[in-house]
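Please consult the sequence and the structure below while reading.

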Amino acid sequence: MSKKPQTSRTGTPPKTHATRRKLVDAAHALIWASSYAHVSVEDICREAGVQKGSFYHFFPTKSDLAAAALEDHWQQIQPEMEAIFANHLSPQQQLRAVCRAILTKQQEAMLSTGKVCGCPYATVGSEMGGNNEALRQLAEQMTEHFSGYFERLLAHAARAGLIEKRGIAQRAREMHIYVMGATLQARITNSIDCVGKPLETALHRISGIPKSASRAK
């Protein structure tokens, strides 16, 4: 009597799941380090070590794979973001932690690719702005998550009496825009000088959160 093929918890055969995983990881790494237009399906398959037929088994187009890679990347970093913006940390600790996380991601990418890669969502979103509306919208949605986290941070700071309650949503958006600009500058200059401590200092200034625990007047 023949045995049924082993499946994962989602009902997907392990080998099939592993093949899709390789394609998603390869697409993220190559597109982030280079660009959507510059990376071909053949490049992704070669990096993933899979046949081109396997690519089309999972993804109708390169655009579909790029979207899956962006969404998968968010799923991977979301637990870290949730931990950083949990209320058991002070607002100052949250700012320090998110800037440290951004710096670490850029350092890891630099070690892996030999260059600073910036933000994957900003990279794809800016490139595809006039070329692929679905990818542009997805990249925008992913980056907007960070604006929501900054709004949570500012609300936390307001409850602690560190800043005023007025204008929190606008300030959160300004922080988000600054981070996008800083990571884009890092990619353009191929330098991480504008992230880390310099980014933390700028976000303190924009947010109005004091570096010490003194309260707002």
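Predicted model: local features only at pLDDT ≥ 70, side-chain atom pairs only at ≥ 80, totals over all residues.

## Helix packing: α8 and α9

Which residues of α8 and α9 meet? From α8 come Arg171, Glu174, Met175, Tyr178, Val179 and Ala182, and these meet Leu199, Ala202, Leu203, Ile206 and Ser207 of α9. Sorted by class, the residues of this contact of α8 with α9 comprise 8 nonpolar, 1 polar and 2 charged.

## Helix packing around α4

Helix α4 packs against α6 at an angle of about 160 degrees, and the axes of the pair are 11 Å apart. This angle makes α4 roughly antiparallel to α6, and the crossing of α4 and α6 is left-handed. On the α4 side the contact is made by Leu70, His73, Trp74 and Ile77, and on the α6 side by Pro120, Tyr121 and Val124. The contact of α4 with α6 has 6 nonpolar residues, 1 polar residue and no charged residues.

Helix α4 also packs against α5, at an angle of about 155 degrees and with the axes 9 Å apart. These helices, α4 and α5, are therefore roughly antiparallel to each other. Ile77, Glu80, Met81 and Ile84 of α4 make the contact with Gln94, Ala97, Val98, Ala101 and Lys105 of α5. By class, the contact of α4 with α5 holds 6 nonpolar, 1 polar and 2 charged residues.

## The chain as a whole

How many helices and strands does the protein chain have? Its secondary structure comes to 9 helices and 0 strands, and the pattern along the sequence reads α-α-α-α-α-α-α-α-α. The C-alpha trace spans about 75 × 45 × 30 Å along its principal axes.

The protein chain has 217 residues, of which 45% count as buried. Among the contacts between residues at least 6 apart in sequence, 67% join residues at least 24 apart.

In soluble globular proteins, nonpolar side chains tend to be buried together. In this model, the largest nonpolar core has 61 residues, and Leu23, Met81 and Phe150 are those with the most contacts inside it. At least two residues of this core are supplied by each of α1 (14-33), α2 (41-48), α4 (62-84), α5 (91-113), α6 (120-128), α7 (133-159), α8 (168-189) and α9 (197-207).

What does Leu23 touch, apart from residues up to four places away in sequence? Its partners are Ile44, Cys45, Ala48, Val50, Ser54, Phe55, Phe58, Phe59 and Leu65. Met81, listed with Leu23 among the core residues with the most contacts, also takes part in the contact of α4 with α5.

## A closer look at Leu154

Leu154 lies in helix α7. Is Leu154 buried or exposed? Leu154 has a relative accessible area of 0% and is therefore buried, since the cut-off for buried is under 20%.

Leaving aside neighbours within four places in sequence, Leu154 is in contact with Ile163, Ile168, Arg171, Ala172, Met175, Ser207 and Ile209. Of these, Arg171 and Met175 in α8 and Ser207 in α9 also belong to the contact of α8 with α9. Asp43, by comparison, is 111 residues from Leu154 in sequence and 43 Å away in space, C-alpha to C-alpha.

Methods:
Residues numbered from 1 in each chain as written. Heavy atoms only, no water. Core = buried A, V, L, I, M, F, W, Y, C linked by side-chain atoms within 4.5 Å. Buried < 20%, exposed > 50% of the residue type's maximum accessible area, 1.4 Å probe, protein only. Helix = DSSP H or I, 4+ residues; strand = E, 2+ residues; numbered from the N terminus. Contact = heavy atoms within 4.5 Å. Nonpolar A, V, L, I, M, F, W, Y, C, P; charged D, E, K, R; others polar. Axes fitted to C-alpha atoms, helices over the stretch in contact; angles between N-to-C directions. Parallel < 35°, antiparallel > 145°, perpendicular 65-115°, else oblique. Left-handed = near helix turned anticlockwise from the far one by under 90°.
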